Amino acid sequence: MHSKKEIPTVPLHRFLKHSLEILKNPLPFHRQNFNEKGDIFRLKVGFNSEVFFTRDTAFAQYVLQKNQKNFVKSKIQTEDLVKYVGEGLLTSEGEKWKKQRKMMQPAFHKKQLENLLNGMQDTIVFEYKNIETNKTIDLFPILNNLAFQTVVKSLFTKAAKGKDMERLQFITEANQRMLVRELRQPYLGWWFKLSGTLEKHINLSNEARTILKGIVDDRKTSGIRYDDLLDMLLETRYDDGKGMSEEQLIDEILIIFTAGHETTSNALTFTFQLLAKHPEWQDKIHEEWLNLGGDDTELMTRVSTSKVCQQVLEESMRLYPPAYFLDRVNITDDTFNGMHFEAGSNLLFSVYEMHRHPDLWEQPEGFLPERFNEGGRKFSSQYFPFGAGPRKCIGNNFAMFEMIIAVSELVSKFKIYPKFDAIDITPLITLKPKNAFLRFEERSL
C-alpha cells in the first residue's frame, strides 16, 4: 500500500462540457483548473483515460532531470508525430535517441554554427524587404517565411529549388494542422481513416521525403562542399565509424524543418508585438547593436554580446513559450511529494503556466526584460523555453542566434507600432500568434 496524497480530479463531464472551447484554446480551461485545484490536477478525458496537468516546477525538474530515466515522451510524439516526420531526434527514445543525440550534437555546437551566421543574416535582411512601411501589416507570414528560409539556407545553402521549398513548407504546415485535429478530436479518428483524410496527409509526408531525397542525392554526387548543416549531418559518424542511413538523415531533416522554423517564427512574432507595446526596448536594442561595432565586428561577437536583445527574447519566451507544453509518461510506478503515479501515467507540464506562476515571478503578466539581466540561468529551476535535462532542444543556440540577428536587424531599420489592442494566441502544437498587426516606419540614421 502507498501512503499517497490525493490528486484533485476534473471530471469527464466538465471536459466534455468545455470540449469546443478546448478545441479553440485550452489554456483558459487549464488556468481555471489550476486556480481551483492547485498546481497539479487529474483531467478525465475518457471513461478509462486521464491526463495529469501540472505547473509544479519542482515536479518538472524531477521528471525532466533528476529522474529522467524513468520517463519517456508520450505517444503524441513517439507515435502520432512519427507518422509525419519519422523517427528522428525529437521523436525517438531509448538507445536510438542516445545514439542520435551523441552523433548530432557536434553539428549544433556554437563553433560550427558560427559558419552559418552570415548566411542567416543575409537571408533575414533579404526577407525584411517584404515589409511595407506606413501601413498596417500582419507580420507573422513574413516571419514564418523568414524562419523557414533561414532553415532552408542553413541546411542546403543554394541547393534547394524555390518551388520544392514552397511545397515542403506547405506540407509541413498542413500536416501540423492535421495532427492538431487528431489530438483535439480523437473521437473522429475513425472518420479520418474512413474518409481518406489521414491517408492524404501521409502521402504528403512521402512527397516531402521524395523532395529531400533528391536534394541529398544531388549533394552526394556533386562533390561540392558548402559547410552547411547538410554537409555536417552527412559527415557525422557513429562510434563504429558509419554515417546515418539516408532514411534516418531525411527523418532528421524533416524534424529540423518542423521544429526549427515554426517555434522561431512564433517567438519572433510575439517579441515584435511586445516591442511594439514597449518602444523604449526597441531603442535599447538599436543602440546596443550599433555600439557593438557595426559591420567591422565579427558577427558571432556581436550576437554573443547582444545582452539587451537576449533579455528581451528571454522575457518574450517566458510570456509566450512556443513549446508551451512538455509531455512525459513514466515507465515504472513513481512517487513525487507524496503523489503516486502508476506506470503509464500521462503527464503534461504547462510551460505557459510555470512561466506565469504568481508564486515564482514578480509581476508575472508584465513585460520586464530586466529580470533576465543576469541571463536565463538564474531562473533555470522555473524557466523552460527549450525544455530541460538531457532532452533539452539541440537547436537552442541556433534559434537564439537567429532570433538575435532577426530582432536586432529589424529594429535597426524600423520603428514598430502596435495596431492591435492585446496580444492574442492560437495554441496548436506550438503557441502561435493570432493578431500580429503592426505598422513600420523607417528609422532615421
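Select Asp217 and Lys213 to begin: their side chains form a salt bridge with an N to O distance of 2.8 Å. The term denotes a side-chain nitrogen of Lys or Arg within 4 Å of a carboxyl oxygen of Asp or Glu. Both residues belong to helix α13 (residues 197-222), where they are four residues apart, about one turn of the helix. Helices (H or I, at least four residues) and strands (E, at least two) are DSSP runs, numbered from the N terminus. Asp217 is partly exposed at 25% relative accessibility, and Lys213 is partly exposed at 37%. Here buried means under 20% relative accessible area, exposed over 50%, and partly exposed in between (1.4 Å probe, protein chains only).

This is a predicted model, in which local features need pLDDT of at least 70 and side-chain atom pairs count only at pLDDT 80 or more, while totals for chains, interfaces and linings use all residues. Residues are numbered from 1 along each chain as its sequence is written, and side-chain values use heavy atoms, with hydrogens and water left out.

Next, select Lys432 and Glu262. Their closest N and O atoms are 2.9 Å apart, in a salt bridge. This pair links distant parts of the chain, 170 residues apart: Lys432 lies in strand β12 (residues 431-433) and Glu262 in helix α15 (residues 246-277). Both Lys432 and Glu262 are buried.

Move to helix α20, which holds Lys413 and Glu409, four residues apart, about one turn of the helix. A salt bridge joins their side chains at 2.7 Å, N to O. Lys413 is partly exposed, its relative accessible area being 31%, whereas Glu409 is buried at 7% relative accessibility.

For a linked group, select Arg31, Asp39, Arg55, Glu353, Arg356 and Glu365, which a network of salt bridges connects. The whole structure contains 32 salt bridges.

Of its 29 lining residues, select Gln310, Glu314, Gly376, Arg377 and Lys392, the closest to the centre. On a 1 Å grid over the protein atoms alone, a pocket is an open set of points where a 1.4 Å probe fits, with protein on both sides within 12 Å along at least five of seven lines; lining residues have an atom within 4 Å of a point. The lining comprises 11 nonpolar, 12 polar and six charged residues. Ala, Val, Leu, Ile, Met, Phe, Trp, Tyr, Cys and Pro count as nonpolar, Asp, Glu, Lys and Arg as charged, and the others, Gly among them, as polar.

Now select Cys309 and Cys393. The sulfur of Cys393 is 18 Å from that of Cys309, its closest cysteine sulfur, too far for a bond. A disulfide is a pair of cysteine sulfur atoms within 2.5 Å, and the count of disulfides is zero. Cys309 is buried, with a relative accessible area of 0%; Cys393 is partly exposed at 36%.

Finally, display the entire protein chain. Its secondary structure comprises 20 helices and 13 strands. The radius of gyration is 22 Å, close to the 22 Å that the globule rule gives for 445 residues, so the chain is as compact as a globular protein of that length. This radius is taken over C-alpha atoms, and the rule is 2.2 Å times the number of residues to the power 0.38. The C-alpha trace spans about 70 × 50 × 45 Å along its principal axes. Of the 445 residues, 54% are buried.
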